[in-house]
Each structure stands twice: as C-alpha cells, then as structure tokens.
Amino acid sequence: MLLPYLLLGAILFVLGLIGFVTRRNLIIMFLCTEMMFQGIILNLVAFGRYPLKGAPTFDGQVFALFLIAVAAAEAALALALVVLLYRYQGTLDANAYRMLKDE
Amino acid sequence: MTLLADATTTILPLRLYATLPLWPLLGALLVGLLVVLRRKASATHWPVVLGVAASATLAIVLFLDLPKSTTNAALQEHWKSGVSASQRAGELYAVFTGGASRAPALTYTLYNWISLGDQSSLCNQHWLAVNFYFDGLTAVMLLFVTVVSTIIVVYSIGYMRDHHGQPERGYERFFAFLGLFVFSMATLVLSGNFILLYLGWELVGLCSYLLIGFYYPRPAAAAAAKKAFIVNRIGDFGFALGIFTLYWFLTAGADPLVQHGENPLDYATVFKYVGALEPWQITTVALLLMCGALGKSAQFPLHVWLPDAMEGPTPVSALIHAATMVTAGIYMIARCTPIFGASPLALNVILVLGLLGAVLTATMAAAQYDMKRILAYSTISQLAFMFVGLGCRVPDSAVFHVFTHAWFKALLFLGAGSVMHALSGVIDLRRFSGLRDVLPQTCRTMLIGCLALAGFPLLSGFWSKDELVHAAFERHPVAGLILLATAGLTAYYTFRMFFLCFHGELRLPDDAAQPHEAPLVMIVPLWLLTLGAIFAGYLGVTFAAGGESFLGFIRPHGLLHDYLHDSTIGTPEHGHGGLWLMYVSALVALGGIGLAWARFGQAPETDPDARALGGLWRLWHAKYYFDEIYDYAFVRPLRNLGRVFSATDDYGLDGVIWLVAAVPRSLSFLLHFLQRGALQGYALGMVVGVAVLLLLWNLIGV
Amino acid sequence: MPTLLIAILTLGAVGLFLALPGGRADTRRVGWVVLAAAGAVLLALLLQLVPGADPRGLFAGFALVAVFAALRVITHRKPVYSALYFILLIFAVTGLLVLLEATFLSMALVIIYAGAILVTYVFVIMLAQQSRPAPYDVKSREPVWGCLAGFLLLILLARQIELFLVPAQRTPLPAPVAEAAGTIEAVGVPLLTEYVVAIQIIGLLLLAALVGAIAIARRRATPRVESEGDE
C-alpha cells in the first residue's frame with residue numbers, strides 16, 4: 001500500500017518543481033513550493049502509517065505538522081517580500097529581479 | 001537568614017539592610033528612565049539623591065542597630081597568647097564565631113548564585129552565594145561611604161551647573177554614574193564572600209573609569225580614564241589570582257579543608273580554615289590579595305593613576321578618589337586580617353611599601369601647583385599611612401583613619417571644587433591668590449579641612465593619625481620617625497596650598513570672569529563635611545579625665561574601635577602609654593604649619609622652595625619621574641611588542657589567509673558566467689544535480 | 001514494468017510541455033489529451049498495486065483529483081485560478097490523509113492551508129492583479145529543460161522507490177490498528193513530549209517570521225524607473 005502513496009508524493013513534488021522552474025510569476029513559484037510540501041507531507045504520513053518495520057507510528061504526522069508550520073512561516077515571509085518587490089518594480093516577473101546577482 | 005552561634009540579632013530585619021545597595025542603583029536606573037522619557041535634565045538628580053540618602057539612612061540605622069559585644073576578653077586573650085601566627089588566625093575565628101560570649105557577625109543570603117559542584121560525588125553543596133555580611137567593620141565603612149556620598153551628591157547638584165544654573169552637558173549621566181558607584185561601593189563593603197567582593201571591586205573600577213572619563217572629548221580625560229583602568233587592572237589581576245589560589249588551597253586535595261555545605265569563598269569559611277593552611281600558602285594568598293589593594297588604593301608602585309584621575313569632575317575626585325573607592329584596598333586588607341595577620345612577610349611588605357609611598361607622595365605633593373593634584377598626592381600619602389597601620393597589625397586604627405580621612409579629604413576636594421567653580425576651572429596655584437575675601441565660606445571650611453589633614457590637635461585627623469604613628473613607633477622606631485616626619489611634611493604642604501590659594505594679595509586669572517561664592521547647595525555640604533572633619537574623630541576616642549589622657553580629658557580608643565573589634569579585625573594589641581607622642585605629633589603638625597606660614601604666608605609669586613631645594617625640588621615636581629620610568633620600562637616595550645604582533649597579524653597571518661582565499665577566488669572567476677541572477681536557473685541546476693546524483697547511485701550503487 | 005513506467009512518464013513529460021502556458025491554444029489542448037492518456041495508464045498501473053477492494057476506488061479518485069489539480073496549478077495562465085486549483089489539491093490530499101488515518105492532520109491541513117495560507121496568497125494575487133494577463137503569466141520559461149529535468153528526476157525517483165520497496169513488499173503490510181487513528185491525542189502526545197524542543201524552535205521560527213514579515217512589509221520601497229529592468 002506504501003508504493004502508490006510514495007509515487008503520488010513524488011509526482012506532486014516533481015510537478016511542483018517543474019512549476020517552480022518554468023513559471024515566471026513569483027506568486028505561482030511560491031505556490032509551487034507549497035505543492036512540493038504537499039508531496040512531502042503525503043510521503044511522511046504514508047511512511048508513518050506503513051512503516052517498513054514495526055507498528056505504525058505518529059512520528060510522520062508530527063513531522064508533517066512541523067512542515068506545515070514551516071510552510072506557514074515561509075508563506076508569510078515570501079508574500080511580504082513579494083508585496084515589497086511588486087511595490088518596487090510593479091511586476092512579479094522573476095526575470096525582472098536579476099539585478100540581485102553579483103556584478 | 002543565617003545567624004552564627006547565638007548572637008543577638010538586629011532589631012530591624014536584616015532583609016531591610018540587605019536592600020541598602022539597591023537604592024542608589026534604583027536611583028541610577030530611574031535617571032535612565034527619566035532620560036528616556038525626555039524629562040528636563042535639571043531635575044534628573046532627584047532619584048539618585050533620594051536613593052543615596054536612603055542608603056545613608058539605612059547605614060546610620062544599621063550602625064546603631066548592630067548587636068554590640070560587651071567583652072573582648074576572649075579575643076584579646078587569643079591575640080596575646082603565644083601560639084603561632086597562623087594558628088592564632090584560625091583560632092581567632094573559632095572564638096569569633098563559636099565563642100559563647102557573642103558572635104557579632106550576621107550573614108544574610110539573598111540567593112545561591114553559582115553551584116561549584118562537589119569534590120566527592122555528593123550532591124551539589126558548594127555555592128557561590130550572593131550574601132551580605134554585617135559586622136562592625138561593615139557598619140563603620142557603610143556609615144562614612146554612604147553619608148559622605150550623600151553630601152557629595154548634593155554638592156554635585158550645584159557643581160555640575162554653569163554660572164547661570166543651567167546643567168552641564170551630561171548632567172543626567174553624571175548622576176546615574178554616581179548612583180551606580182554608590183551601589184558598587186556598598187556591594188563591595190557588604191559582600192559576604194570574595195567573589196561578590198571582587199564584583200563590587202570591579203564595578204567600582206568601572207565607575208571610576210566612567211567618571212574620570214566624564215569629559216571624554218578632552219584627550220587628557222580619556223587618557224587618564226584609560227590609565228586608571230589599566231593600572232587598576234594590574235592590581236586586580238593579582239587580586240583575582242589571590243582569590244583563585246585561596247579557593248585552590250581550601251578545596252584542593254583528596255581531603256579538602258572545606259566541608260560539605262560550606263561555601264568555600266565565604267568569609268565565614270575562609271577565615272575558619274585559613275589557620276590550617278601552610279604558612280607559605282597564606283603568604284602567597286596575602287601577597288596576591290595585597291596587589292589588588294595596591295592598585296585600588298593607589299599605593300606605591302601602582303600610585304600613578306590617582307593624580308591623573310583628577311581629570312574627572314571634582315565631586316568625583318572627592319567621592320571616588322578620596323572618600324570611598326580608594327579605601328577599598330584598606331577595607332579589603334582589614335577584612336582579611338585573619339589572612340594577613342598570619343603572614344608576617346606580607347605585613348612587612350605592606351609596612352615597607354606604606355612607608356615608601358607615604359614619603360614619596362608627600363614630597364611630590366610639596367612641589368605641585370595644581371590644587372587637586374596636591375590633594376591627590378596627599379590622599380595617596382594618607383592611604384600609605386593606613387597601609388603602615390595595617391602592616392603594624394593595627395587594622396582598627398587604619399580603618400579609623402579611613403573614616404576620619406573620608407570627611408576632611410572630601411571637604412578639601414569639594415573646597416577645591418568650589419575654587420575651581422568660582423574661577424571657571426582654573427586650579428593652578430600660580431595663577432591666583434588671596435581668595436579669602438572673594439570666597440569667605442570656602443576659605444573657612446577649607447581652613448578646617450586643612451587643619452584636620454595637617455593633624456591639628458583636637459580635629460579628627462589628629463586622633464587617627466596619631467594612632468598610626470604610635471603603632472609605627474611600637475613596631476620600629478625608624479618607621480615611627482618616618483611617619484612623624486611625613487606628618488610634618490603633610491602639615492607643611494597642606495598649608496602651602498592653603499596660603500597660596502587664600503592668602504596674600506588678590507590675584508585672579510584673566511579668563512575668570514567674575515569670581516563668586518558658590519551657591520547654597522554647595523556651601524551647605526561643605527559645612528556638613530566641616531562638622532565631620534571636626535567631630536568624626538571623637539567617635540574613636542573616649543572622654544576620660546585622669547593622668548593618662550591627652551590634655552587631661554581624652555584617651556584614645558573609642559566607640560569606633562569597639563565596633564571594629566566586633567568584626568573580622570578582632571582586637572589588635574595596642575601598646576599602652578606613649579602619651580608623649582601625642583604632644584610631639586601635635587607640635588610637629590604646628591611646626592609644619594608654622595613653616596608653611598613663614599615661607600608661603602604672603603603667597604609669593606615665585607616658589608621659595610624651588611630655589612632653596614634646587615634639584616631635589618625639581619625631582620619632586622617631576623614626581624620622581626615615575627611616569628617616565630614606567631613609560632620607558634613597561635609602556636614602550638609593550639607597545640613595541642604590540643606593534644610586532646600587529647605586524648605579524650597584518651602581514652603574516654593575513655597574508656596566509658589572503659593566499660588561501662585567493663585560490664578559490666581565482667577558480668570562481670572561471671565559473672563566474674554561470675551566475676546570471678535567474679532564480680529559476682539555479683533551481684534547475686539543483687534539479688539536474690540531484691538527478692545526476694540519483695543516476696550515479698542507480699548505476700553504481702545497486 | 002520499469003520500461004512501462006518510463007514510457008508513461010515520458011509521455012507525461014511531453015504532455016506537460018505542450019500544456020504549459022506559452023504555446024498556442026490547440027497545442028495546449030493536444031498536451032492535455034496526451035496528459036490524460038498518460039494519467040489513465042498510470043492510474044491503472046497504480047490501481048494494480050493497491051491490494052484490497054475498499055480503499056482502492058477512493059485512493060484512485062483522490063489521486064486523480066490531486067494530479068489534475070496540480071497540473072492545473074502549474075499550467076493555468078491566471079494566478080487566481082492557480083490558487084483555486086491549489087485549494088482543490090489540498091482537499092484531495094486531505095482525502096488521502098484520511099485514507100491514511102491521519103484525521104487530525106487532515107483537518108489541520110485544510111484549516112491552515114486552505115483557510116489561512118491560501119487566503120493570503122489570494123489576497124496578494126488580488127493586490128498584484130492586472131487588467132489583462134501579464135506577459136510573464138502567458139509565457140513560461142524554458143519549458144523544455146524544466147520538463148526534461150523534472151521528469152528525469154521523477155523517473156529516477158520512481159525507480160528508486162520501486163527498488164527500495166521490493167524487499168519491503170514481501171513482508172506483510174502492518175494491519176490497520178484500531179488506535180492507530182491520528183486523533184489529536186495520538187499526535188499531540190508525542191508532539192508535546194518527544195518533540196517538545198522542536199515545537200519550541202518552531203514557535204521561535206514562527207515568531208521570527210512574523211516579525212520579519214512585518215518589518216519587510218512596512219518598509220517603503222522607492223519605485224524604480226519603469227524602463228530599467230523591464231523586458
């Protein structure tokens with residue numbers, strides 16, 4: 001029963017990754033990172049439910065909770081940055097912020 | 001609250017007395033709060049004045065409230081008995097705490113601070129506690145520290161303003177520092193263990209640094225503050241080492257002296273076991289502790305910082321460098337009498353250093369023109385007198401002199417401050433004279449102060465100084481003669497200063513606009529201190545008519561001594577008789593004053609001494625070239641060494657680091673083009689990297 | 001089976017590449033057809049793996065919804081719709097979590113993600129809304145490389161999972177225990193005993209994020225001249 005969940009988690013993770021790499025809207029990019037989190041949460045919980053050894057534990061769910069908290073923190077900061085960047089240049093295009101690189 | 005043995009306790013709870021140091025601290029913090037709230041600077045002195053006054057009130061009440069002993073017989077027996085010195089120290093303490101007659105020491109533990117662990121695998125029972133120790137010595141010290149501080153703080157309200165009554169820049173800061181200082185000093189005096197003592201010791205040093213450097217934009221003030229701090233650091237290093245070795249000796253070994261449940265650095269523990277140490281151990285500890293006292297009390301050879309410390313505002317000079325902070329060294333040695341008393345070598349070193357310092361600095365004082373510097377050298381000289389007393393096994397007389405000295409020296413400094421205030425900061429005696437009509441109140445109070453310092457009979461300085469001279473004579477006639485001569489010299493240079501300032505025809509510096517008498521808020525403290533300068537000595541004498549009395553009605557050894565004998569000092573052995581010496585020293589003082597009148601009574605513009613003494617006078621004027629010698633012997637070699645290290649760091653180490661850094665930098669230059677600033681490109685790179693790793697794992701690993 | 005999987009996933013990659021924003025509408029439609037085909041085969045494959053009758057249908061349904069929603073999130077040209085599809089994805093994941101008996105976590109996920117985080121996203125999207133689709137939403141960036149790398153990774157991952165699970169599959173899967181249900185108590189006890197330090201650190205992190213977000217958002221950014229940096 002573990003395999004389908006792991007595969008599904010991997011699919012969600014990779015779709016998020018592809019979205020992050022290909023989409024240019026900063027907000028969508030962050031949304032894609034959240035999607036990657038979903039894949040990981042699914043993985044963690046599935047592993048907790050169907051461990052390779054021994055009885056099911058709740059550690060996976062606890063980790064998933066931590067992950068949600070981290071995601072919330074990330075979302076708060078990321079969105080604040082997005083708002084700031086939008087005010088700064090009036091665009092959400094990731095390519096517009098290339099000047100952050102070291103000249 | 002811990003009571004030792006069956007001592008009667010105080011009437012008011014000890015908890016109340018334990019708050020004594022906290023009021024000035026609270027005041028200082030409130031000043032900070034007022035500054036944050038942007039209140040007017042001119043009222044910011046109130047919290048500190050009230051805080052310090054609260055402390056002073058508590059100190060006076062404590063002084064009266066402390067349980068008093070009725071008999072010193074048991075202790076005196078032990079001091080006189082023929083047992084060896086180290087044994088005596090240990091037994092002294094045993095008598096002192098466990099004796100059935102009384103136990104004057106009270107300890108109040110605020111809380112256990114640091115756990116020291118345990119040598120033998122039992123539960124933690126050794127602590128460094130924050131505890132306060134109340135005995136006669138504490139009470140006497142606190143009495144003058146807080147009361148004189150209160151008076152000086154009040155004086156500062158007037159002093160730290162310009163002629164229009166506007167507060168100087170940094171007025172709030174000044175008062176906050178004063179509050180902090182009184183807190184530190186009270187902590188130092190009250191502490192019940194060596195660590196808290198060290199804490200107070202360093203806090204006092206810090207406050208001294210802050211206050212000497214109060215006018216920090218002036219380079220001289222900044223340099224003086226640094227000098228004071230660094231010279232003190234040298235002494236404090238020795239002091240810290242002393243505490244460490246003490247701890248080591250008491251706790252090291254398979255069978256340590258300190259038992260379970262006893263805090264190894266508490267006075268109670270230390271003095272209980274110090275008698276069981278080897279003589280060499282006691283001497284090591286005593287000499288190291290003495291280093292601390294030399295630094296803090298500005299004794300030869302670490303005396304160089306005190307004269308420079310006069311760069312601070314005058315109330316600071318009065319408070320820190322005359323009345324309180326510099327007395328910490330004397331206090332510490334007196335407190336550690338059980339340690340020092342067991343080490344004849346340490347006592348001899350203290351005696352010799354004291355004698356040397358007394359003579360050297362008194363002669364330096366005789367050849368200066370800066371009023372505050374004269375007073376500073378005089379302070380060192382007087383502290384050296386106290387050192388001699390400590391070296392002669394009469395710590396109670398030394399503390400008595402500390403007590404009286406605090407009043408008249410504070411008075412003298414504040415008087416000098418009043419002169420400075422009137423003359424817009426001019427303090428060079430060559431530039432003015434004849435101020436007695438311009439500053440009548442200052443002149444009168446200064447006269448009393450000078451008389452007290454000179455040892456004029458019936459004023460406070462006379463009684464305490466005479467005790468020290470007497471003890472020195474008991475110890476060795478040469479020591480006594482040196483002290484007596486120095487006492488005469490003290491009278492001479494004190495009145496040289498007085499006459500040059502107040503006598504002769506009126507001369508004023510050009511840049512002093514309108515000399516005026518100080519405001520009431522400065523004059524009243526002067527008169528209060530004058531009262532102290534006259535009457536403080538009477539706490540240390542008793543009125544008794546009869547044959548063995550000075551002038552037929554006064555006999556040395558009074559209330560203050562009783563207090564001090566109820567402390568770790570114990571009851572030193574005072575020689576009897578020697579009443580003739582009091583008359584002799586009175587004559588010497590009068591002779592010194594008379595000589596000063598003959599030479600400086602008309603405040604001549606050129607110094608007659610300079611011509612008469614020639615090279616010797618120049619040597620004195622240049623302070624025996626101590627600063628220059630130290631500069632050549634220590635400062636410059638160290639600075640050069642520092643330059644070498646700095647160069648090694650800059651070129652040697654940094655060069656290597658630069659090389660190490662240069663290689664990756666040059667490599668990274670090759671990969672520079674990959675950085676394009678596109679976030680997603682980087683992410684793609686990561687994905688590819690992970691994929692490649694996985695692929696490799698797949699191909700190789702499985 | 002690996003070759004089949006690789007084929008399916010490659011098909012998926014092609015489909016996704018075609019469906020990503022940037023191309024013409026009809027190519028995108030073709031992409032969706034390809035994706036649907038790949039998805040159907042994959043689903044059948046997955047269902048084969050799931051033993052037992054009961055959760056099979058539910059799992060298939062939720063998985064389908066989840067993958068569809070995920071695809072829509074990354075292919076939709078309007079950010080608002082992306083966010084809404086993301087909510088759909090959350091609900092699908094919630095269903096899967098319920099199947100895994102993580103009831104508390106599933107509720108927490110809905111409340112925190114759909115309720116809090118996504119609302120914030122929608123707010124920000126509204127804030128940055130423009131009248132017509134922005135150029136950076138219409139055209140995606142290097143879709144070829146992205147899809148290629150992504151699906152390469154996916155294939156490798158799938159293969160890895162499969163290899164890794166082969167020995168595990170031989171042992172019987174642990175039977176669902178009655179008390180294994182992820183109630184608040186069941187999750188809360190380890191959370192506050194075993195992982196108490198972690199939860200404190202997480203609290204600190206959230207506080208830091210809160211302070212940071214406020215500090216960043218309050219700052220006044222001076223707008224730059226439009227001609228600079230704009231493509």
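**Figure 1. Contact between chains C and A in the predicted model.** In this predicted model, 82 residues of chain C are in contact with 70 residues of chain A. Eight helices of chain C each give two or more residues to the side that touches chain A: H2 (25-49), H3 (54-75), H4 (79-99), H5 (103-127), H6 (135-138), H7 (143-170), H8 (184-192) and H9 (196-218). The largest share, twelve residues, comes from H7(C). Sorted by class, this side of chain C has 65 nonpolar, eight polar and nine charged residues.

**Figure 2. Helix H4 of chain C and the residue C:Glu101.** Helix H4(C) covers residues 79-99 and is among the elements on the side of chain C that touches chain A. Just after H4(C), C:Glu101 takes a positive phi of about 65°.

**Figure 3. Overview of chain B.** Chain B contains 28 helices and five strands. Of its 702 residues, 53% are buried. Among contacts in chain B with a separation of 6 or more, 80% are between residues 24 or more positions apart.

Figure 4. B:Phe495 counts as buried because 26 C-beta neighbours lie inside 10 Å, and the cut-off for a buried residue is 20 or more. Leaving out residues up to four places away in sequence, B:Phe495 touches B:Cys450, B:Ala454, B:Ile593, B:Ala596 and B:Trp597. The C-alpha atoms of B:Phe495 and B:Gly592 are separated by 8.2 Å, although these residues are 97 residues apart along the chain.

**Figure 5. The largest nonpolar core and the residue B:Phe181.** The largest nonpolar core holds 227 residues, of which B:Phe181, B:Val388 and B:Ala410 touch the most other members. Helix H6 (residues 136-159) of chain B gives the most to this core, with 17 residues. A second, separate core has 107 residues, including A:Ile18, A:Leu42, A:Val82 and B:Ala691. In the close-up of B:Phe181, neighbours within four places in sequence are left aside; B:Phe181 is then in contact with B:Val204, B:Cys207, B:Leu211, B:Leu319 and B:Ile320.

Note on methods. Residues numbered from 1 in each chain as written. Chains lettered and ligands numbered in written order. Predicted model: local features only at pLDDT ≥ 70, side-chain atom pairs only at ≥ 80, totals over all residues. Buried ≥ 20, exposed ≤ 12 C-beta atoms within 10 Å, placed from the backbone. Contact = placed C-beta atoms within 7 Å. Core = buried A, V, L, I, M, F, W, Y, C linked by C-beta atoms within 7 Å. Helix = DSSP H or I, 4+ residues; strand = E, 2+ residues; numbered from the N terminus. Nonpolar A, V, L, I, M, F, W, Y, C, P; charged D, E, K, R; others polar.
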